[in-house]
Each structure stands twice: as C-alpha cells, then as structure tokens.
Amino acid sequence: MSDRFFIRLFAVFGILNGLVIIFKPRLLDLGTHTNVLMAGNLIMAIISLVSYLMSRRGLASSNHNAFIRGVYGATLSKLFLCVIGIAAYVLIYRPNVSKLTIFMLLFLYLVYTVFETISLFRLTRLKK
C-alpha cells in the first residue's frame, strides 16, 4: 500500500502558509492575526497526520469496524482540538479577537478534513 499522503500534506501545508505570507499585508489590514493563522495551520497539519495514521491503522485491521471507529475518532478528536485551539485564541486575545481569524481557522479545519478524507478514499480504493 503505497500512498503519497505525507508529500501531499507537506504541499498543502506549504501552500496555505505561503498564501498567508503572500497576503500578510492585506490580512493585517483586515485585522487578522497572521501568527495565529500560521500556528493554526501547523497544528492542523500535525493533527491531520496523527488522525490519518489512526485511520490507516484501522484500515489495516482485520475488523472492518476498526476502520470506522478510527475515522470517527480521528474526526472528532480533530474537531475538539480545533475548538480548544479557537477557545485558547479567544481567551488569549480577549479584547482584540478577530472574527475573520476564527473563520479562517475553521476554513483550515475544513481544508485538512477534506484533504484527509480524499486521501483515505484513495487508500481504500487501492486496498480493494
């Protein structure tokens, strides 16, 4: 089972960080916290890597329910960690919270979740 998830994950991470760096002046004009976005991107990439490995381990199991549990567990853990990260951001930047930053962090969650789901779908097709 050969897949290129790690290379693609690094590419997605690099592209998203590159976009934040390129549009940094515009994002700062809009009042976003670019350091929080780049840290959120790094954290979401690490969480996606861990959740992908959990799901892949479930796919290798002889029990079919282990894969479903792995995917559900990975998705829920990623969602809760994202919510915890946003709550930490709100508590740290209490007077200067940017709603746009929060929505962009949620967009990062969506991008990494879709990316991971597509990668798992490809992996299941290769296994058949």
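Guide: S98 is found in the loop between α4 and α5; helices (H or I, at least four residues) and strands (E, at least two) are taken as DSSP runs and numbered from the N terminus. This is a predicted model, in which local features need pLDDT of at least 70 and side-chain atom pairs count only at pLDDT 80 or more, while totals for chains, interfaces and linings use all residues. Residues are numbered from 1 along each chain as its sequence is written, and side-chain values use heavy atoms, with hydrogens and water left out.

S98 has a relative accessible area of 8% and is therefore buried; buried means under 20% relative accessible area, exposed over 50%, and partly exposed in between, with a 1.4 Å probe and protein chains only. The side chain of S98 reaches the backbone oxygen of G31 at 3.3 Å. This is a polar contact, that is, a pair of N or O atoms within 3.5 Å; within protein, one must be able to donate a hydrogen and the other to accept it, and residues adjacent in sequence count only if both atoms are side-chain atoms. If neighbours within four places in sequence are left aside, S98 is in contact with G31, T32, H33 and Y89, where contact means heavy atoms within 4.5 Å.

T32 counts as buried because its relative accessibility is 4%. A polar atom of the T32 side chain lies 2.7 Å from the backbone oxygen of L27. Apart from neighbours within four places in sequence, T32 is in contact with L27, S98, L100, T101 and M104. By contrast, T32 and I118 are 86 residues apart in sequence and 29 Å apart in space, C-alpha to C-alpha.

Another partner of S98, Y89, is among the buried residues of α4, which also include A66, F67, G70 and A74. The 29 residues of α4 should span 42 Å at 1.5 Å a residue, and the end C-alpha atoms of α4 are 42 Å apart, which agrees; the expected span is 1.5 Å times one less than the number of residues. An α-helix has 3.6 residues a turn, so residues three or four places apart point the same way. At the start of α4, a side-chain oxygen of N63 reaches to within 3.1 Å of the backbone nitrogen of N65. A66, placed in helix α4, counts as buried because its relative accessibility is 14%. Not counting residues up to four places away in sequence, A66 touches G58 and S61.

On a 1 Å grid over the protein atoms alone, a cavity is a set of points where a 1.4 Å probe fits but cannot get out, and a pocket is an open set with protein on both sides within 12 Å along at least five of seven lines; lining residues have an atom within 4 Å of a point. The volume of the largest pocket is about 270 Å³; grid points are joined across faces, edges and corners, and a volume is the space filled by probe spheres set on the points. Of the 17 residues that line the largest pocket, G40, I43, G85, I86 and L105 are the closest to its centre. Its lining divides into 15 nonpolar, two polar and no charged residues, where Ala, Val, Leu, Ile, Met, Phe, Trp, Tyr, Cys and Pro count as nonpolar, Asp, Glu, Lys and Arg as charged, and the others, Gly among them, as polar.

The second largest pocket holds about 170 Å³ of space. Its lining includes L27 and M104, which are also among the contacts of T32. The helix α1 gives the most to this lining, with four residues. N17, which is in helix α1, is another of the lining residues, and its side chain is joined to that of N41 by a polar contact of 3.1 Å.

To place these parts in the whole, the protein chain comes to five helices and zero strands. Of its 128 residues, 37% count as buried.
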